[in-house]
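Subject: Structure for your review

Dear colleague,

Please find below the structure that I am handing over to you. The findings follow directly after it.

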Amino acid sequence: MTRRPSLPGASELFRLTTSSAAPDVPPQESTTPRRGTGRQKHSTKITVYVSDEELLALEHARLALRGEHGLAVDRGRVVREAIAIVLDDLEGHGEDSLLVRRLREQ
């Protein structure tokens with residue numbers, strides 16, 4: 001009996017997980033607020049680099065949501081909700097949105 005672990009083959013490592021064609025996403029014209037997706041499997045991943053202070057603030061926010069508000073969420077969920085909020089504000093307020101104002105300050 002060998003002590004080597006069983007590893008996946010190349011066909012398992014390099015299999016297609018999504019279609020290669022970019023999906024047609026219609027513009028969102030609804031008046032309902034955008035929502036971050038909850039706890040589900042997500043098909044797309046991005047990498048975002050943050051400072052130590054930003055990561056610590058995000059973790060403090062997550063712990064405050066759990067301790068003070070009874071909401072057990074992970075950091076990804078907090079980030080997805082924050083993105084949804086900022087995109088709604090940008091769509092609704094354009095030039096006067098918080099995102100535009102903050103980016104112009106830099």
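Predicted model: local features only at pLDDT ≥ 70, side-chain atom pairs only at ≥ 80, totals over all residues.

Arg62 and Glu59 are joined through their side chains by a salt bridge, with N and O 2.5 Å apart; the term denotes a side-chain nitrogen of Lys or Arg within 4 Å of a carboxyl oxygen of Asp or Glu. The two residues are 3 apart in helix α2, and therefore about one helical turn separates them. Arg62 is buried, its relative accessible area being 18%.

Residues are numbered from 1 along each chain as its sequence is written, and side-chain values use heavy atoms, with hydrogens and water left out.

The search of the whole structure gives 4 salt bridges. One of them links Arg77 to Glu81, with 3.7 Å between the closest N and O atoms. Arg77 and Glu81 are 4 residues apart in helix α3, so about one helical turn lies between them. Arg77 is partly exposed at 27% relative accessibility, whereas Glu81 is buried at 17%. A further salt bridge brings together the side chains of Glu95 and Arg104, at 2.7 Å from N to O; both of these residues are exposed.

As to the overall architecture, the protein chain has 4 helices and 0 strands, which gives the pattern α-α-α-α along the sequence. Helices (H or I, at least four residues) and strands (E, at least two) are DSSP runs, numbered from the N terminus. The chain has 106 residues, of which 8% are buried. Among contacts with a separation of 6 or more, 45% are between residues 24 or more positions apart, a contact being heavy atoms within 4.5 Å. The accessible surface amounts to about 10,000 Å², and carbon and sulfur atoms account for 56% of that surface; these areas come from the Shrake-Rupley method with a 1.4 Å probe, and for residues only the protein chains shown count as cover.

Pro33 lies in the loop between α1 (10-13) and α2, and is exposed at 59% relative accessibility. Pro33 and Asp88 are 55 residues apart in sequence, yet their C-alpha atoms are 6.6 Å apart in space.

Finally, the largest pocket has a volume of about 1,000 Å³. It is lined by 23 residues, and the closest to its centre are Ile46, Val48, Val79, Arg80 and Ile83. The elements that contribute two or more residues to this lining are α2 (52-69) and α3 (75-93), and α3 supplies the largest share, 8 residues. A pocket is an open set of points on a 1 Å grid over the protein atoms alone, where a 1.4 Å probe fits, with protein on both sides within 12 Å along at least five of seven lines; lining residues have an atom within 4 Å of a point. Grid points are joined across faces, edges and corners, and a volume is the space filled by probe spheres set on the points.

With kind regards

Note on methods. Buried < 20%, exposed > 50% of the residue type's maximum accessible area, 1.4 Å probe, protein only.
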